[in-house]
Amino acid sequence: MLNFYRRFIPNAAEIQRILYDLVKGKKERDKTTIEWSEAAVQAFQTCKNSIAQAALLAPPNSETKLSLVVDASNTDIAGTHFLDGRDFIIYTDHKPLTFAFKQTGEKTSPRQQRHLEFISQFSTDIRYISGIQNTVADAFSRIDEIGIPSEIDYEEMARAQTDDEELLTLQAANSYLVFKTISLEPHGIPLHCDVSTGIVRPCVPKAFRTTIINVIHSLSHSGAKATANAVNQRFIWTSLKKDCTEFCKWCIPCQKSKVSRHVKSPKGDFSLPSAIFSHIHLDVVGPLPPSKGYRYCLKAVDRFTRRPEVFPVIDEKAKTIADTFYSGWISRFGVPEVITTDQGRNFESDLFPFPCQIFSHY
Ligand SMILES: [Zn+2]
């Protein structure tokens with residue numbers, strides 16, 4: 001990240017010299033301890049300040065196009081540069097995203113469509129940048145790699161390990177695991193860990209498992225698989241995957257905000273009318289501004305021909321509607337077989353077990 005901003009840091013080489021000297025000539029993944037002197041601490045602070053200064057560049061040139069560089073890890077999303085109601089390009093190392101605005105709507109879930117719709121308010125120009133080039137956003141999104149969950153009491157865990165039967169079975173079974181005992185400072189309590197992956201992973205007794213999953217899952221409420229992977233990177237026990245899946249299933253915030261199952265209702269099957277004026281749709285519009293005492297409209301549409309007719313009515317009482325429909329429509333086109341309404345008040349009343357009662361009067 002320092003390197004990315006080096007052109008904006010005055011005397012960058014001079015400030016970073018002490019830190020460079022510490023790692024000079026060392027190989028990648030060199031395990032030798034670094035002598036962390038007072039001067040080195042000072043240099044590190046100066047570097048941090050210089051980058052803070054450098055990242056606060058001058059106000060942007062309003063003539064040029066801005067870019068937003070984004071990256072996400074298991075726990076964080078990071079973006080650099082600021083955009084204030086301006087046209088800009090989004091750079092991401094997540095290649096499928098670059099096609100997000102070019103694909104057909106059928107491929108995306110309604111939820112994704114809503115997200116895309118929100119993003120499109122700002123920009124639809126998404127381009128690919130490889131993770132290696134995406135230095136700054138990448139560095140920000142990796143902040144979780146620096147810290148480990150601090151809510152876990154490793155000394156307590158080490159004590160609980162002494163009467164953990166599962167640990168004995170794990171050690172006895174000739175598996176791929178490589179056990180190593182680490183003594184915890186300052187009391188030198190032994191903690192049994194697995195080192196087969198190159199990372200020290202403590203074997204977790206039952207009592208600590210939920211806390212651990214909770215700490216890791218709560219960072220971003222990732223799905224069961226991602227949670228299990230994140231836990232598995234740092235800890236180990238036999239039913240780890242199953243426990244993570246269970247935990248994610250019961251997590252209240254996840255249940256509240258995630259859609260785990262999409263219900264798609266089948267398309268309705270509507271039979272088509274076969275004769276003219278056999279099936280009529282009725283609806284009442286209003287109240288409208290009065291005209292010659294009329295405040296409502298009765299709409300009637302024949303399904304077969306789509307012929308619409310509108311009749312003015314004084315009120316929306318069932319009797320008025322029925323009378324109007326009789327004189328306006330039935331007297332001209334005959335009695336329909338089916339009437340479809342939206343079941344409004346006027347149609348629900350006693351009179352509108354239509355047409356039997358009403359039209360028996362005529
Ligand atoms: Zn959750």
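The model shown here is predicted: local features need pLDDT of at least 70 and side-chain atom pairs count only at pLDDT 80 or more, while totals for chains, interfaces and linings use all residues. Residues are numbered from 1 along each chain as its sequence is written.

**View 1. The whole chain at a glance.** Welcome to the overview: the secondary structure comes to 13 helices and 11 strands. Helices (H or I, at least four residues) and strands (E, at least two) are DSSP runs, numbered from the N terminus. Of the 362 residues of the chain, 16% count as buried. A residue is buried if 20 or more other C-beta atoms lie within 10 Å of its own, exposed if 12 or fewer, and partly exposed in between, with C-beta atoms placed from the backbone. Among the contacts with a separation of 6 or more, 57% join residues 24 or more positions apart. Here, two residues are in contact if their C-beta atoms, placed from the backbone, lie within 7 Å.

View 2. Gln53 belongs to helix H2 (residues 38-55). With 13 C-beta neighbours inside 10 Å, Gln53 also counts as partly exposed. Between the C-alpha atoms of Gln53 and Phe8 there are 8.7 Å, and along the chain these residues are 45 apart.

**View 3. The three-stranded sheet E5-E6-E7.** This open sheet has its three strands in the order E5-E6-E7, with antiparallel pairing. The edges are E5 and strand E7 (201-202), each of which pairs on one side only. Two strands pair if DSSP finds at least two bridges between them. Strand E5 (residues 179-184) and strand E6 (residues 189-194) are joined in the antiparallel sense over six bridges. Axes are lines fitted to C-alpha atoms, for helices over the stretch in contact, and angles run from 0 to 180 degrees between N-to-C directions. Look also at the turn: E5 and E6 form a hairpin with four residues between them, where Gly188 has a positive phi of about 70 degrees.

View 4. Four strands make an open sheet in the order E10-E9-E8-E11, and the pairing is mixed. Strand E10 (308-313) and strand E11 (338-340) stand at the edges with a single partner strand each, so one side of each is left without a neighbour in the sheet. From one strand to the next, the twist averages 25 degrees. Strand E9 (residues 296-302) pairs with E10 in the antiparallel sense over six bridges, and Val301 has Pro308 in E10 as its bridge partner. Helix H11 (residues 318-333) lies across strand E8 (279-285), E9 and E10, running at about 135 degrees to E10.

**View 5. Helix H8 between two packing contacts.** Helix H7 (residues 206-220) and helix H8 (residues 224-234) pack at about 115 degrees, with axes 10 Å apart. In this contact, Ile212, Ile213, Ile216 and His217 of H7 meet Thr227, Ala230 and Val231 of H8. By class, the H7-H8 contact has five nonpolar, two polar and no charged residues. Ala, Val, Leu, Ile, Met, Phe, Trp, Tyr, Cys and Pro count as nonpolar, Asp, Glu, Lys and Arg as charged, and the others, Gly among them, as polar. H8 also packs with helix H9 (residues 240-250), at an angle of about 135 degrees and with axes 9 Å apart. The H8-H9 contact is made by Ala224, Thr227, Ala228, Val231 and Asn232 of H8 and Leu240, Lys241, Cys244, Thr245 and Cys248 of H9. Its classes come to six nonpolar, three polar and one charged residues.
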